[in-house]
Amino acid sequence: MLGACLLFSGAPCLAQSASPTPNLYRPKMAPQVSPIRVEVIDGTHFRDIETGDVYRLSGIDTCAPGQLARLSRQPWPCGTMATAWLVNATLNKWLACVTVRENGGERVARCASASYPDLAAGMLHDGVAVLAPSSPEEPVIASYSLAEQQARKAYRGLWSSVFQMPWDWRAQHGEGRRAVAEEARQ
């Protein structure tokens, strides 16, 4: 039998010498995340177009869709701007998202694309997002805090304007996260 294996393949037969429990290679790193394509719901939410799973970017918040900021005497739609930023960053691009936790039917995640190693950090850097209030489930990420500080110092995006923090605006206008949940179901 050994001669036949050498004749056909040039290598000795391994089937005869195999141990009952073969040595299997097991990578030390976690498997890579499957890339997804998304449709944007608002400045922090998007939906996987294949599975319908809804994702929310972890650690940040943005103006609500109807919210305005004011630069001098000119109002501008900061909620629309945040949504447009996210559309521009994700349109026709593959995203890799790592789910941090599940929350009410949505995946709170950190996501990256070829253009942005971290979408939330990119939004903070460009001044279209603010740090979300810290909580035990979602502590502040140091690099996010630094990105927001740099945007503030450079007066980028929201930081060049007068605006109300998104959570305060939603509370005042009765727009909670339920509107996003309703939009996600459509």
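1. Before we get going, one definition: a residue counts as buried when its relative accessible area is under 20%, exposed when it is over 50%, and partly exposed in between. Take Val100, which sits in strand S7 (residues 96-103). Its relative accessible area is 44%, so Val100 is partly exposed.

2. Keep in mind that this is a predicted model. The protein chain has a mean pLDDT of 85, and 80% of its residues reach 70 or more. Go carefully with residues 1-17, though: pLDDT stays under 50 there, and the model has ten contacts beyond four places in sequence for that stretch.

3. Back to Val100 and its surroundings. Leaving out residues up to four places away in sequence, Val100 touches Ser58, Val108, Ala109 and Arg110. Have a look at Leu57 too: Val100 and Leu57 are 43 residues apart along the chain, yet 9.6 Å separates their C-alpha atoms.

4. Now find the partner of S7. Strand S8 (residues 106-112) pairs with S7 in the antiparallel sense, over seven bridges. In that pairing, Arg101 stands opposite Val108 of S8. If pairing is new to you, strands of a sheet are held through backbone hydrogen bonds, either parallel or antiparallel.

5. Zoom out to the whole sheet. Five strands make an open sheet in the order S1-S2-S3-S8-S7, and the pairing is mixed. Which strands stand at the edges? They are S1 and S7; each has a single partner strand, so one side of each is left without a neighbour in the sheet. On average, neighbouring strands of this sheet are turned by 40 degrees against each other, direction ignored. Helix H2 packs on the sheet, touching S1, S2 and S3, and its direction makes about 165 degrees with that of S1.

6. The general rule is handy here: an α-helix has 3.6 residues a turn, so residues three or four places apart point the same way.

Methods: Residues numbered from 1 in each chain as written. Predicted model: local features only at pLDDT ≥ 70, side-chain atom pairs only at ≥ 80, totals over all residues. Heavy atoms only, no water. pLDDT = per-residue confidence, 0-100. Contact = heavy atoms within 4.5 Å. Helix = DSSP H or I, 4+ residues; strand = E, 2+ residues; numbered from the N terminus. Buried < 20%, exposed > 50% of the residue type's maximum accessible area, 1.4 Å probe, protein only. Pairing = 2+ DSSP bridges. Axes fitted to C-alpha atoms, helices over the stretch in contact; angles between N-to-C directions.
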